[in-house]
Amino acid sequence: MYERQDAGDPQFIASIQNDDDANRLGISESSLNRFLQIGRDKYGLSDSKQIGQFDRVTEANNLFIRLDWQINDKHRLTFRNLYNKWDNPFSVSDNSNIEVAESYSDFVSHENSMFLSLRSNFSPSVTNEFKVQYQRAERIFSPNSELPSQNIPRAIVQVASILPNGNTSSKSIQLGGQRYTPETNLENQIQLSNTTYINVGKFNFTLGTDNLITSLETQLSNEQNGRFFFDSLDDFDNLNPSRYAREVPLQGSTLVKQTVLDLSFFGQVEFDINPNLNFAGGIRYDATAFVDAAEFNPLVYQELGIRTDEKPEDFDNIQPRFQLTWNIKGNDTDILKIGGGVFTSQPHYYAQVNNIQNSGTLLGAIDVTGTDVPTPDFIGYRNDPSTVSGVPAGVTPFSTINAVSPDFEVPTIYKANINYTHFFGDRYSLGVNAVYSHTKNNYVYQETNLVAEPYFVTPQGREVFVPANTIAENGRADWTKSRVSDLVGRTLVLNSDGVLDNLALVVEGSAKIGEDGYVNASFTVNQSKDNSSYNCCVANTSTFLPVSGDPRDLNYGYSDNHFDTKIVVNGASPTWKGFTLGATIVGTGGTRYSLKSGGGRSANGDFNLSNEIAYIFDPSDANTPQYIKDSYNEVLNDPETSEGFKEYLKESFGSFAERNGGKNPFSATVDLRLQKKFNLPNDKHSLELSADVFNFMNLLNKEWGRSNNFGNRDFMNINGFDQATSSYQYNVQTGAGTEPINGTPWRLQVGVRYSFN
């Protein structure tokens, strides 16, 4: 079977069509145009389109082959092969507020899975299934075609604007390369598994093993292209960056090769305690072994007591599970299920790539400010990327370190649920499902080369880990002054400090319509809280967690993945003359966001410029500066500020804002699908035509099918520091509460499917 899907999926970059767009984006059209003009005049930015709507087409190709051979009455051999090619151009962005088109990268993947299974019925009570699978995947992230294949540095500019509605805003805008690309991932994996099913009287046993051998070659360029930071458009115009940072390759290629072994064994028994009560219970063991370690760095061990050759290992993952199913009264109309168990996670392979590449022997870190910052020459970088500034003369490089804690353990989930379903004949059902889970040992990278105690605490209670006298008048802190050891750079150690709690109640129902029509619906009430929402991949991403002071004190609160409510409705009409009309409705409410301290400054003095929760002053406090009171009143009296944002702001008066304390409203999308199936003379062949309209409501009215969800908002931007009071000065982003517009415009997709056996 062959499938191909071409989908139009436009990309929007700072598309300002009117004043409302400028207010929502937080940047004036004049500031944006000035940025682009400076980029073209002095940084080699091309004259091609860099902002607005960009039409693009993704392409997916799938080829599936299956062969079955009934060797004899006991043995059946099955071969399957699936090839997939996915081309997703102009899709990889960076972490600035706005990146122009040349900073967007392309992604393409080639994946093939070859599968062979032998199912053997040795006797009426013993069946065995042996499986072998070989998978090969190549994933390539490539810089924009306007840039050299090696990519070039980034220019990240903090741009302040007076918006059309009079509000103030400051956004980071980026041109040049980006931190992720180029990147290549080559994966070869062999899977060997065997499952044996044994029936002994009323007992059904399942015994098996599932094992993987994975070989990976990963070329990461994360932060190796370099980045220049500019505090203003004037500095950008004058080629005057305030900071330059880069991870510089010390030995040429930074290709990481590693082999990983995943082992598992499991057993289960299922039987009827009585005719209406069934029990299933089992136990599973999983282990992952990384064959290759990072190089040992004696300097890091000497200075910080950290072994860079530690590998993520955890070999005590025994996981019991059970489920009871009660057919109440035995009439198949009321079913109660109670279950629980322990589940462990696999250590993600990317973490060990981080650790091998950042042991301090392959890369050297440069992070300089003031007069040590080189003068940027982006036109030269575009012509010859080898001219990108490496180690400036007179500056001794230090190394960024990623390592693993010797106490590392894989995440473990304790999960329990109870489910009740009532069947109204064979056409309708209604059920309720309650699920609770607690996860411990979640992945977190922790700052380790950071002084144990803060040098001072601001009057608002924020801990700061650099001496006050090293903070510049404009509020910029030098994170290198926060280190325990000046001989080692930023050090992030992977450990297991993360926790996650989830509680959900799901009401679900189903109905059959006519001969083959149906409707399935569910309504979920949910609560998810954690102290870190990191799950992969770049180590630095783990430190984006908004905190009030010490980044090592993880901030428990609503998870980044939390939602309050969710509705899912899926259905299809009965087939009529080969036609079927289907619909899917998905709605979500109560996702979360945080108010942060921004402005390209580190309020707590650590490396990360994006991990400070905002302190919200109390307008009723006489010590609160009048300009801050006025700014808060401007936000609260602004009709363009959402009511939810105002509520979050008022709840935070006189304290640090609650992490993910902002609540987004409910929104939903509707997708429709019309399908026509043709009956061919040969019953083994079939032809189907389909048409999908995604976000159908947006087709009817451009104001429908959209959401107004906030992401994290920079609200209290640092613009100064008072040495006398050891306190920061702030510029309130009065435009931060303007509702954004999110979502994907309606799309039409037409498909043809031809199948044969």
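# Briefing on a predicted model

Pro-182 lies in the loop between strand S10 (168–176) and strand S11 (183–200); strands (E, at least two residues) and helices (H or I, at least four) are DSSP runs, numbered from the N terminus. The model is predicted, so local features need pLDDT of at least 70 and side-chain atom pairs count only at pLDDT 80 or more, while totals for chains, interfaces and linings use all residues. Residues are numbered from 1 along each chain as its sequence is written, and side-chain values use heavy atoms, with hydrogens and water left out.

**Backbone exceptions**

- Most residues other than glycine have a negative phi, and most peptide bonds are trans.
- The peptide bond from Thr-181 to Pro-182 is cis, with omega near 0°.
- Phe-90, found in strand S5 (residues 75–92), has a positive phi near 55°.
- Phe-90 is buried, at a relative accessible area of 13%; buried means under 20%, exposed over 50% and partly exposed in between, using a 1.4 Å probe and protein chains only.
- Lys-577 is not a glycine either, yet its phi is positive, about 50°.
- Lys-577 sits in the loop between strand S28 (565–572) and strand S29 (579–589), and is exposed, with a relative accessible area of 62%.

- S31 and S37 run parallel and are joined by 4 bridges, with Gly-598 standing opposite Asn-717 in S37.
- Strand S37 (residues 713–722) and S38 run antiparallel, with 6 bridges between them.
- A hairpin is formed by S37 and S38 with 4 residues between them, and Ser-726 in the turn has a positive phi of about 50°.
- S37 is mostly covered, since 7 of its 10 residues are buried.

**Salt bridges**

- Side chains of opposite charge can pair when their charged atoms come close.
- A salt bridge is a side-chain nitrogen of Lys or Arg within 4 Å of a carboxyl oxygen of Asp or Glu, and by this rule the count comes to 32.
- Asp-237 forms a salt bridge with Arg-34, their closest N and O atoms being 3.8 Å apart.
- Asp-237 is in helix H3 (residues 233–237) and Arg-34 is in helix H2, so this pair ties together parts that are 203 residues apart in sequence.
- Asp-237 is partly exposed, with 23% relative accessible area, and Arg-34 is partly exposed at 34%.
- Asp-94 pairs with Arg-179 in a salt bridge whose closest N and O atoms are 3.6 Å apart.
- Asp-94 lies in the loop between S5 and strand S6 (98–99), and Arg-179 in the loop between S10 and S11, so the pair ties together parts 85 residues apart in sequence.
- Asp-94 and Arg-179 are both buried.
- Glu-187 forms a salt bridge with Arg-139, with 3.7 Å between the closest N and O atoms.
- Glu-187 is in strand S11 and Arg-139 in strand S8 (residues 126–142), so the pair links distant parts of the chain, 48 residues apart.
- Salt bridges that share partners join Asp-94, Arg-154, Arg-179, Glu-223 and Arg-227 into one network.

- Asp-47 is found in the loop between helix H2 (29–42) and strand S3 (52–54), and is exposed, with a relative accessible area of 71%.
- The C-alpha atoms of Asp-47 and Leu-324 are separated by 67 Å, and the two residues are 277 residues apart along the chain.

How values were computed
Two strands pair if DSSP finds at least two bridges between them.
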